[in-house]
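Colleague: I have a model open and want to learn how to read it. Can you take me through it feature by feature?

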Amino acid sequence: MKNYITLLIIVFILAGCTSKTNQTTTKATTTNQSAKTTVTSDECSSINKLINGYEFGFNSIKADKVNNPFSNQWHTNTHVIGSACTITLNKSEQVSYQCQTPVKAQTHAVNSHQTLAEQLRQCLSKTGWFESQKETASSIYSTFVLDTKNPVITLSTNQEGNGFSTRFEIAPPLGF
């Protein structure tokens, strides 16, 4: 029961976090929001490989190293959304995988976000992941949490300037 309460606290904290960052659009085909998306086992396999790769610093998908004085960063050979994904190892030795890309139209940004959120929902709910979603007039945040030992998966879409940006991230659990 204590772990369940801790998990709920983490989810509520994550749902309240609203930092403005650059984001990404999905490779998934956008569909009408009322249409149900069916996820293939290959799509779930890709997501599961990324989650399992977190434990090993995403070493299997690292490509060329990026010059960054504040953290170690690599381009990747795996892209959940967009074509510019990176792996970051910060000075605290915490690793994360992130993809981001701009989107011009709000309708496209929302549909892309909802399509990828549905894919994540279908893949992760089978293994007990909990989803939290928060929407405002200019943003959508979908956060997936399993427990305090596994990474947190965040999908966010925000208005930036005259367009929108969607970001997908697999990062350490909050507070760790």
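The dialogue below goes from confidence to fold, then to the sheet, the helices and the disulfides.

Colleague: What ground rules apply before I look at anything?

Modeller: This is a predicted model: local features need pLDDT of at least 70, side-chain atom pairs count only at pLDDT 80 or more, and totals for chains, interfaces and linings use all residues. Residues are numbered from 1 along each chain as its sequence is written, and side-chain values use heavy atoms, with hydrogens and water left out.

Colleague: Where is confidence lowest in the protein, and where is it highest?

Modeller: Start with the score: pLDDT is the predictor's confidence in each residue, from 0 to 100. The protein averages 79, and 76% of the residues score at least 70. Helix α1 (residues 2–16) is lowest, at a mean of 37. Strand β6 is highest, at 96. Over residues 1–36, pLDDT stays under 50. The model still has 78 contacts there beyond four places in sequence; a contact means heavy atoms within 4.5 Å.

Colleague: How many helices and strands does the protein have?

Modeller: Both come from DSSP runs, numbered from the N terminus: helices are H or I, at least four residues, and strands are E, at least two. Here there are three helices and eight strands. From the N terminus, the order is α-α-β-β-β-β-α-β-β-β-β.

Colleague: What is the strand order in the sheet?

Modeller: The general idea comes first. Strands of a sheet pair through backbone hydrogen bonds, either parallel or antiparallel. The rule used here is that two strands pair if DSSP finds at least two bridges between them. In this model, eight strands form an open sheet with antiparallel pairing, in the order β1-β2-β3-β4-β8-β7-β6-β5. The edge strands are β1 (62–66) and β5 (130–135), each pairing on one side only. From one strand to the next, the twist averages 20 degrees.

Colleague: Which strands does β4 pair with, and through how many bridges?

Modeller: Strand β4 (residues 95–103) runs antiparallel to β3 (residues 85–89), joined by five bridges. Thr 88 has Ser 96 as its bridge partner in β4. Leu 89 stands opposite Val 95. In the β3–β4 hairpin, five residues lie between the strands, and Glu 93 has a positive phi near 65 degrees. On β8, the pairing is also antiparallel, over seven bridges. There, Thr 101 stands opposite Thr 166.

Colleague: How many residues of β4 are buried?

Modeller: Use the cut-offs: buried means under 20% relative accessible area, exposed over 50%, and partly exposed in between (1.4 Å probe, protein chains only). Seven of the nine residues of β4 are buried, so the strand is largely enclosed by the rest of the structure. Across the protein, buried residues make up 45% of the 176 residues. For contrast, take Asn 68, in the loop between β1 and β2 (72–76). Asn 68 is partly exposed, at 26%.

Colleague: How many disulfides does the structure hold, and what is the pairing?

Modeller: A disulfide here is a pair of cysteine sulfur atoms within 2.5 Å. The structure holds two. With the bonded cysteines numbered in sequence order, the pairing is 1-4, 2-3.

Colleague: Which parts do they join, and what is the handedness of each?

Modeller: Cys 44 and Cys 123 have sulfur atoms 2.1 Å apart. Cys 44 is in helix α2 and Cys 123 in helix α3, so the pair ties together parts 79 residues apart in sequence. The torsion about their S-S bond is about -90 degrees, so this disulfide is left-handed. Cys 44 is buried at 9%, and Cys 123 is buried at 4%.

The other disulfide joins Cys 85 to Cys 99, S to S 1.9 Å. Cys 85 is in strand β3 and Cys 99 in strand β4, 14 residues apart. Their S-S torsion is about 110 degrees, so this disulfide is right-handed. Both cysteines, Cys 85 and Cys 99, are buried.

Conventions. Axes fitted to C-alpha atoms, helices over the stretch in contact; angles between N-to-C directions.
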